[in-house]
Amino acid sequence: MSSLITEDFLLETDHARILYHDYIKDLPLIDYHNHLSAGDISQDSSFENITQVWMSDDHYKWRAMRTLGIDEKYITGRAEDYDKFEQYARAVPYLIRNPLYHWSHLELKRYFGFDELLDGSNSRSVYDLTRQILKTPEYTCRGLLKQMKVEYLCTTEDPLDDLVHHRTLRKSDFTIGVNTAFRPDKFLCIDRIDFQDCIMELSKIVNKEIQTFQDLLEGLLNRMEYFHNNGCRLSDHGIDTIPFSRVSDNLVEQIFSKRLRGMKLTKLEIAQFQTSLLLFLSQNYHRLGWIQQFHIGAYRNTNTRMYKKMGSDKGWDSIGDFTNLKSLMSFLDQLDQNSILTKTIIYNLNPSENAIMATLVGNFNDGTIKGKIQWGASWWYLDQLDGITNHLNTLSNVGVLSCFIGMLTDSRSFLSFPRHEYFRRILCNILGNDIRKGHLPRDYKWLGKIASDISYHNVKQYFNLT
């Protein structure tokens, strides 16, 4: 079978090919948001087979396989690793036009040199080929990162994490920078079933019983300082929407106390609590010189039956329609009025909000920092051909594309880094088509610089990695 991933994959014009091959193909990668295991990197873990490294945490693949009627035992169940891979291989031909079709072939070629189309007929040979390759020293976690020229990456950790693996990495001779993001979602989501348990865990970590909202703030500040002292300069929040409903300190104390007593809160009380806590966190992000990220707009764990059976992050989430962008603007405006608005990256999941989001971030770019407030890269269901294209086109039309800090993987897989290549090819294809149409000059040196900045240099400057 012929190869899908040719040298000019996704590059429709000679102009695009020149921009990609001559200017950005060999640039290093900065992956500033992912969910990789710092422990695996620290211990330089290896994998016995492709199923372990490719399918064990990939809810993109899981959802597709379920849709095709594949039994759960081959997805997250107890089937043998080869049987799971074989089922996915048989599924791949039916995934045409889904990003998995491109990603799967791109990853197989870049990491394993496999240059054919994957299907059930060659699943055994591919499984055996990759299993042998994964035994070599170059295919440990660190080796996989080096192969893709990763220069820096940032994982995501709970505030209670001891960061022992990050500390070990900072003291090691590993040349790739590995840092973390502080993600306090469990404390923002006061309506969580296990919220009281989370408070008890925090109490143990900070060695102080948390009985009041002020105690909670002090406890989280303790953890922020701990993260900061261990190199953290980034926060992240995965929250449905950014609320803005300010109330007095006394009322927030009452809301917190009510929840600790096991009482149910109203939607308004939840928003009031979250507003107060987010303002406190953001104020301290600014004080510490951190960058803050907000991933908004997802409906999570929508299948109650499967959530109870399997837990979160198993593929039961979807695009939401509830993002209150007016409250987000009010939230940012409040921080800006008090001169405590730090560098901010906002990712939206609903494509119908693209134009609003692209203009919203421009309201708070005040000339003090290039691209201070960023509309983040196409996220989750949008990090595919049309989603990335629409994102770049919208940002170009109502924002400043040249200031954009580019792509990230947002992945749990060590084989996901070719997604940066995917993004870079799409970017060059857009610019190349504009040259062909006469919308941009045939100035490869200048446009090559712009593409290089978006792919690498802007994010390096934004994160002060120079």
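Lys 186 and Glu 201 form a salt bridge in this predicted model. Their closest N and O atoms are 3.5 Å apart. The pair links distant parts of the chain. Lys 186 sits in helix α10, residues 185-188, and Glu 201 in helix α11, residues 195-206. Lys 186 counts as buried because its relative accessible area is 14%, and the cut-off for buried is under 20%. Glu 201 is partly exposed, at 36% relative accessibility.

Next come Arg 183 and Asp 185. Their side chains meet in a salt bridge, with 2.7 Å from N to O. Arg 183 is buried, with a relative accessible area of 15%. Asp 185 is buried too, with 13%.

Another salt bridge joins Lys 372 to Asp 366. Here the closest N and O atoms are 3.6 Å apart. Lys 372 is buried, at 8% relative accessible area. Asp 366 has 41% relative accessibility, so this residue counts as partly exposed. Elsewhere, Asp 8, Asp 14 and Arg 17 are linked in a network of salt bridges. A search of the whole structure finds 25 salt bridges.

Now turn to strand β8, which covers residues 344-348. Five of its five residues are buried, so the strand is largely enclosed by the rest of the structure. Which way do the residues of β8 point? Thr 344, Ile 346 and Asn 348 point one way. Ile 345 and Tyr 347 point the other way. All of them are buried.

Strand β8 has partners. Strand β5, residues 291-296, runs parallel to β8, and five bridges join the two. His 295 stands opposite Tyr 347 in β8. Strand β9, residues 373-375, also runs parallel to β8, joined by three bridges. There, Thr 344 has Ile 373 of β9 as its bridge partner. The chain crosses from β8 through α17 to β9. This β-α-β crossover is right-handed.

Helix α17 spans residues 354-362 and holds Thr 359. Is Thr 359 buried or partly exposed? At 36% relative accessibility, Thr 359 counts as partly exposed. Thr 359 and Val 398 are 39 residues apart in sequence. In space, their C-alpha atoms are 6.2 Å apart.

Methods: Residues are numbered from 1 along each chain as its sequence is written. This is a predicted model: local features need pLDDT of at least 70, side-chain atom pairs count only at pLDDT 80 or more; totals for chains, interfaces and linings use all residues. Side-chain values use heavy atoms; hydrogens and water are left out. Helices (H or I, at least four residues) and strands (E, at least two) are DSSP runs, numbered from the N terminus. Buried means under 20% relative accessible area, exposed over 50%, partly exposed in between (1.4 Å probe, protein chains only). Two strands pair if DSSP finds at least two bridges between them. A crossover is right-handed if, with the strands pointing away from the viewer, the path from the first strand over the helix to the second runs clockwise. A salt bridge is a side-chain nitrogen of Lys or Arg within 4 Å of a carboxyl oxygen of Asp or Glu.
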